[in-house]
Amino acid sequence: TKTISKCYVQVTGMTCASCVANIERNLRREDGIHSILVALMAGKAEVRYNPAVIHPSAIAELIRELGFGATVMENCGEGDGILELVVRGMTCASCVHKIESTLMKTNGVLYCSVALATNKAHIKYDPEIIGPRDVIQVIQDLGFATSLVKKDRSASHLDHKQEIRQWKRSFVVSLIFCIPVMGLMIYMMVMDSQLADAHAHHNMSSEEMEALHSSMVLEYQLLPGLSVMNFLSFLLCVPVQMFGGWHFYIQAYKALKHKTANMDVLIVLATTIAFAYSFVILLVAMAEKAKVNPVTFFDTPPMLFVFISLGRWLEHVAKGKTSEALARLISLQATEATIVTLGPDNVLLSEEQVDVELVQRGDIVRVIPGGKFPVDGRVIEGHSMVDESLITGEAMPVTKKPGHTVIAGSINQNGSLLISATHVGADTTLSQIVKLVEEAQTSKAPIQQFADKLSGYFVPSIVAVSVVTLFAWIIIGFVDFEIVEKYFLGYNKSISAAEVIIRFAFQASITVLCIACPCSLGLA
């Protein structure tokens, strides 16, 4: 017998099924080529050839002459079939050894490992020589019950509904509490500017100014040092911090546990510090029975949470859309196939229903009118019209007669067909499309990878900058108090200089933290 080798060629520039037919037809005529199978979506050709007559590089050259790009693929392990089985009835290590040794002796099995604890077998085989049904038969002959590991066909891992719900809830909670906080803030700004105008026109003394200031409704003190404004802001901020920020805290905790700092860590840091500082300042003011209300940051956390949870919500909605398309694609696959055994002159001897995963290359599959094609294949017998719109988009059914190729997932209309399977399992056109879409979803754009890398350094550096700001202002303040006095307007003259400096330093550093939070990088 002539020795026959197998090689894979990566083919680029194929646009449709006629390109495939063109390559297959022309290469079959060449000397030394035994058979050729081209997969359009995967863009690769599997060629069986006689190494004494022709070399893989020459085969690639032949494809190039037809006007396509072709390179020989080095790692030929691509063509190995992988099988995951559940094996029942194993009792001890000797059962495992019996199964493994019998399978390894079987022609076409390349690798096999059986785990007693999980009842699972993992088998690699050469689909040219042996198929999944043969492997299962071998194990069953040894007296063990065997079945395929059931694949999750519903594609539930693509479901983003829960995340969408979670972020939507987070956004709504933050929004409800954020609107009044924003209202209060705007009101204060307007009032402050009016006061400033009044001050500019009538050269009032600072005592009169303070009197005017405290006459405002929101500046009215419920308790010494606790104004209506600060009290309301505090009340509105607590639920947001608890409920709106709940998921951020969880994510940040997980990130820190793995010693990484992501955007969540920054958001949690900024909001928690802003909240804690404001809370402490209020307590200090109440303890001192301060006349002038301290500057607090209670408006920051609700607003940050609103913007960021809105961003996350929109992101998951967008992901859900693409995943929906994928789930629909997956649902187009047939789940069962009818395999027939033919005698001489194509006489039907027997037929059986099997799982799609068990169809082997070269099997004869019967497809009844109205049935879906379980695998890609070539028609051997019968005439029919086939609806291939799921792949090609053309609404008119296509005529199929012996020699024509059919695509998995397309629908047979009026005649019964016998087809010979050419691409099965993960090699079918539909599986390849699903794989491509999945890869497109999981792979990141280069700019996105760069952004992720940056935000890894971004968070620690922002924290560092805000700490530097804190200490810098404390040092400046103790060296030259007048600078702080110039920028820190309206502070209470009754507070000691040291406390003024520290308050100002904290305000500056918290401002740095909060400004960096909804940074365009993280949101985008």
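Which residue follows H4, and is its phi positive or negative?

1. H4 is followed by glycine 143, whose phi is positive, near 100°. Helices here are DSSP runs of H or I with at least four residues, strands are E runs of at least two, and both are numbered from the N terminus.

2. Basis of the note. This is a predicted model, in which local features need pLDDT of at least 70 and side-chain atom pairs count only at pLDDT 80 or more, while totals for chains, interfaces and linings use all residues. Residues are numbered from 1 along each chain as its sequence is written, and side-chain values use heavy atoms, with hydrogens and water left out.

3. Helix H4 (132-141). Its buried residues are Pro132, Val135, Ile136, Val138 and Ile139, where buried means under 20% relative accessible area, exposed over 50% and partly exposed in between (1.4 Å probe, protein chains only). Seen down the axis of H4, these residues fall within an arc of 155°, so they line one face of the helix; the arc is that of the directions from the helix axis to the C-beta atoms. They pack against S5, H3, S7 and strand S8 (145-148), contact being defined as heavy atoms within 4.5 Å.

4. Four strands form an open sheet in the order S6-S7-S5-S8, with antiparallel pairing; two strands pair if DSSP finds at least two bridges between them. S6 and S8 stand at the edges, each with a single partner strand, so one side of each is left without a neighbour in the sheet. The twist averages 25° from one strand to the next. Between S5 and S8 there are 4 bridges, and valine 87 has threonine 146 in S8 as its bridge partner. H3 packs on this sheet, touching S5, S6 and S7, with its direction at about 170° to that of S6. H4 lies across S5, S7 and S8 and runs at about 30° to S5. For these angles, axes are lines fitted to C-alpha atoms, for helices over the stretch in contact, and values run from 0 to 180 degrees between N-to-C directions.

5. The largest nonpolar core. This core has 37 residues, of which Leu85, Leu103, Ile123, Ile139, Val359 and Ile419 touch the most other members. A nonpolar core is a set of buried Ala, Val, Leu, Ile, Met, Phe, Trp, Tyr and Cys residues joined through side-chain atoms within 4.5 Å. Elements giving two or more residues to the core include strand S5 (81-88), helix H3 (93-105), strand S11 (336-342) and strand S19 (417-423). Domain 2 (81-148) and domain 4 (334-439) both contribute residues, so the core lies between them; the domain bounds come from an automatic or database domain assignment. Apart from this core lies another, of 30 residues, among them Val306, Ile308, Trp313 and Leu513.

6. Valine 359. Not counting residues up to four places away in sequence, valine 359 touches Arg133, Ala337, Ile339, Val354, Val365, Val375, Ala421 and Val424.

7. The sheet containing S1. Here 4 strands form an open antiparallel sheet in the order S2-S3-S1-S4. Its edge strands, S2 (33-39) and S4 (69-73), each pair on one side only. S1 (residues 5-12) is joined to S4 by 5 bridges, and valine 9 has valine 72 as its bridge partner in S4. Helix H1 (residues 17-28) lies across S1 and S2, running at about 170° to S2.

8. Serine 431. This residue is found in helix H12 (residues 429-442) and, at 16% relative accessibility, counts as buried.
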